[in-house]
Amino acid sequence: MSSVNDRSAVKTPAAATAAAVTAPRPPNRTADARGGRTTRGAARGSGGWTPWLYLAPALLVLGGLLVYPIYQLGLISFFEYTQAQVSGGEPATFEGFGNYGRLFGDPQFWQVLLATVLFAAACVVSTLAVGCALAVLLTRVRAVPRLALMLAALGAWATPAVTGSTVWLFLFDPDFGPVNRMLGLGDHAWTYGRLSAFFLVLLEVVWCSFPFVMVTVYAGIRAVPGEVLEAAALDGASQWRIWRSVLAPMLRPILVVVTIQSVIWDFKVFTQIYVMTNGGGIAGQNLVLNVYAYQQAFASSQYGLGSAVGIVMLLILLAVTLVYLRLLRRQGEEL
Amino acid sequence: MKLSVRTAGLAAFAALLATACAPQTSTNSSSDEDEKTGTLRVWLFREVGNAPKEKVVDRVVADFEKTHQGAEVDVEYIPVDTRAQRVKAAFNDPGSAPDVMEYGNTDTAGYVRDGGLLDVTREFGDWREAKDTDPTAKQSVTVDGKLYGAPFYVGVRALYYRTDVFEELGLSVPRTMDELASTAREIRAARPELYGLVVGGAYTYGAMPFVWANGGELASGKGGSYASGIDSPQARKGIKAYTSLFGDDNCPAATCAGMGGNDTVSAFAAGKAGMAIGGDFSHTAVEAGKVKGKYAVVPLPGVKAGSIAPAFAGGNNIGVLKSTSHRTLAVQLMKRLASKKTQGELFDAMGFLPTFTDVRQQAARREPFVKPFVRTLSAGTEFVPASPAWAQIDSSLVLPTMFQEVISGKKDVTKASEDAAKKMNSAFGSAG
């Protein structure tokens, strides 16, 4: 593997899978050469099927765990499917796009969708900025502070979302919170205003998701050959310039994965909003799609409507990911 | 390893094929069997401090098993927080469902539509004790004129106030809703560290008495079709009265808008409020707080002096599941559990208010604390619409959203109540 050129060493999982697929071939060939018992035709036939055979377990698991639930989700979204249908009180009736019609006809859905997109975008940008900045910092400090930062980040990473949210909420509590006392804000309620509540949740989301970005990017930076950085430094490039023109392009595959992950996570934020704004804030001002889906659909057992929200979210995320990959590709980087 | 993964995949694939083209539904039809022996499974709610309840129930069960040879009763106490999931699961899989179940009275219509509860109209009518059942309690087991269980106990809210604060400030107990508001402001003005009357934007059942007292209604209609009444002029007056209590002169919107019922009771128990709207079931929590011995309870005053604001009649019922294979036995056990004798004992053990008017009067004589609650109940109570849509309206927070919109100044009363009515009507429309 070490003989492969440098670029694919930092390649994405896609490249790794491709390598795994082609790997099984050599034993086949050696069997051919040594024994010569199998005929050429049979060898070619089994060669055509072999990759699929090796892929089958993974495909079946993926099919069972991903495709089937999505199929069910899509199916349910076309039916009137509430608790009465599940428990057999009434028959499930096909509604076509009825659930989608109701969803798109609800002005609150559009508000929530807009809020979700903006909130997720803010979270992704902040998480990436904080994560990358700290990753660069990690490469530039001594061992002890590095260890401390790593441990702090891992602690944040390992904290369950419910616990983290509750602690953050307590920190900003109007009556007992240390933040208000330190800033001298009296009994200012952070969760009352729409933006300040979103800001509070954003802080928690960034806090619990930057470690993933930091650790991944840090690992990526360590894999960049020292000579390249040294050469850039000798040419008189500033720190910012090195990041922009050397590190960032070399880390691009890692940044792509990290960004997509963050987009997906932050778009699907549930716990933080649910816990910190008490299920969507004053008059539902802090609802995001996931909490909205839970409240409108699952808490009141309208599974058909909930599935429709799920499908819409799935399509949006797929679209975002595809567009993003497409844009990167146009810039010339093969993924 | 690979093999097991593959088998799992194959199983999933087989399941895919089996689920032809419609989502799964359970075959939860009513059971035709009526076995006279065997095990009866019972689900009751696990209360905070459940031991006294268990003792009473154990006595009932022992008695029942003695008179019904060959019948065994297996009682399980389920946590209140996760009851919704448990009950849904029971409806989906009759095999693991209980025969007899305690349930919250606002869930009745929803459970009936889900096809989970057995119609016991005939048995209830034949039951000698049933004639003393309080009409509102009876209404809470009734859907479309049929009865789906027996009322178990009722819960009702009244006004808690701090006797020491009232004495210190020379205040008298408010006799009207207007006096209530002005008294609350006086307390706040004199003691700025206290909320006058602690109110919550998400405290629906604390807010509704204001709407009802002003002649408003949640919804009107009978049988299948309901129409929201929350945007009527009377209801709007009530909404205005309640939401005007949020402000720096009583309960600052920034902290109070997000509060629910428990938050307000906690604030009162912690000595942070002059008055609060709490239930008979809040008694233990308040007794355990700082204000023990420094408070009293009166019925929440209505609009006119001397009147009582109609309270929401909360509480629980005992029902029989449709899927039971011991129909006769299960109905008999239901009657035992909800009988006058059991309810009287449960009142002594747990403080649950009986649903029989005569038993309740006796209880009030034994325990003076419940007098204001019994008076509130006798003055007439209100109940949520007996429609399966109520569960949906409740869980999608239609009413808290409406109150919070007004409190936070996002919408005025007219617009907020109009929007809430629209949402309620669409729920009534789709749930039928």
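1. Rings of Phe, Tyr and Trp (its six-membered ring) are taken to pair if their centres lie within 6.5 Å, with planes under 30 degrees apart counted as stacked, over 60 as edge-to-face and the rest as tilted. In chain A, such ring pairs link Phe78(A), Phe79(A), Phe94(A), Phe97(A), Tyr100(A), Phe104(A), Phe109(A), Trp110(A) and Tyr292(A) into a cluster. Over all chains, a search of the whole structure finds 39 aromatic pairs.

2. Basis of the note. This is a predicted model, in which local features need pLDDT of at least 70 and side-chain atom pairs count only at pLDDT 80 or more, while totals for chains, interfaces and linings use all residues. Residues are numbered from 1 along each chain as its sequence is written, chains are lettered from A and ligands numbered from 1 in the order in which they are written, and side-chain values use heavy atoms, with hydrogens and water left out.

3. Chain A overall. The secondary structure of chain A comprises 17 helices and 2 strands; helices (H or I, at least four residues) and strands (E, at least two) are DSSP runs, numbered from the N terminus. Chain A has 335 residues, of which 37% count as buried. Here buried means under 20% relative accessible area, exposed over 50%, and partly exposed in between (1.4 Å probe, protein chains only). Of the contacts (heavy atoms within 4.5 Å) in chain A between residues at least 6 apart in sequence, 67% join residues at least 24 apart.

4. Phe172(A) and Trp190(A) form an edge-to-face pair, with 5.0 Å from centre to centre and 80° between the planes. Phe172(A) lies in the loop between helix H9 (161-171) and helix H10 (178-183) of chain A, and Trp190(A) in the loop between H10 and helix H11 (194-223), so the pair ties together parts that are 18 residues apart in sequence. Phe172(A) counts as buried, at 9% relative accessibility, and Trp190(A) is likewise buried, at 14%.

5. Positive phi angles. Asn278(A), a residue other than glycine, has a positive phi near 60°. Asn278(A) is found in the loop between helix H15 (271-276) and H16 of chain A, and counts as exposed at 57% relative accessibility. Ala283(A), also not a glycine, has a positive phi of about 55°. Ala283(A) lies in the loop between H15 and H16 of chain A and is buried, with a relative accessible area of 11%.

6. The interface. The contact takes 40 residues from chain A and 40 residues from chain B. The area buried between the two chains is about 3,300 Å², of which carbon and sulfur atoms give 58%; buried area is the accessible area (1.4 Å probe) that two parts lose on being put together, summed over both. Between chain A and chain B there are 0 salt bridges and 4 residue pairs in polar contact, both residues being at pLDDT 80 or more. A polar contact is a pair of N or O atoms within 3.5 Å; within protein, one must be able to donate a hydrogen and the other to accept it, and residues adjacent in sequence count only if both atoms are side-chain atoms.

7. The elements of chain A that give two or more residues to the side touching chain B are helix H4 (40-76), strand E1 (79-80), helix H5 (83-86) and helix H16 (289-298). The largest share, 9 residues, comes from H4(A). By class, this side has 20 nonpolar, 17 polar and 3 charged residues.

8. Asn105(B). This residue is placed in the loop between strand E3 (100-104) and helix H4 (108-113) of chain B and counts as buried, at 5% relative accessibility. A polar atom of the Asn105(B) side chain lies 3.2 Å from the backbone oxygen of Ala313(B). Beyond neighbours within four places in sequence, Asn105(B) is in contact with residues including Ser140(B), Phe312(B) and Phe383(B).

9. Salt bridges. The count is 26 salt bridges over all chains, each being a side-chain nitrogen of Lys or Arg within 4 Å of a carboxyl oxygen of Asp or Glu. Lys340(B) forms a salt bridge with Asp358(B), the closest N and O atoms being 2.9 Å apart. This pair links distant parts of the chain, with Lys340(B) in helix H15 (residues 340-350) and Asp358(B) in helix H16 (residues 357-366) of chain B, 18 residues apart. In another salt bridge, Asp164(B) and Arg162(B) meet at 3.0 Å, N to O; Asp164(B) is partly exposed at 27%, whereas Arg162(B) is buried at 6%.

Technical notes: Ala, Val, Leu, Ile, Met, Phe, Trp, Tyr, Cys and Pro count as nonpolar, Asp, Glu, Lys and Arg as charged, and the others, Gly among them, as polar.
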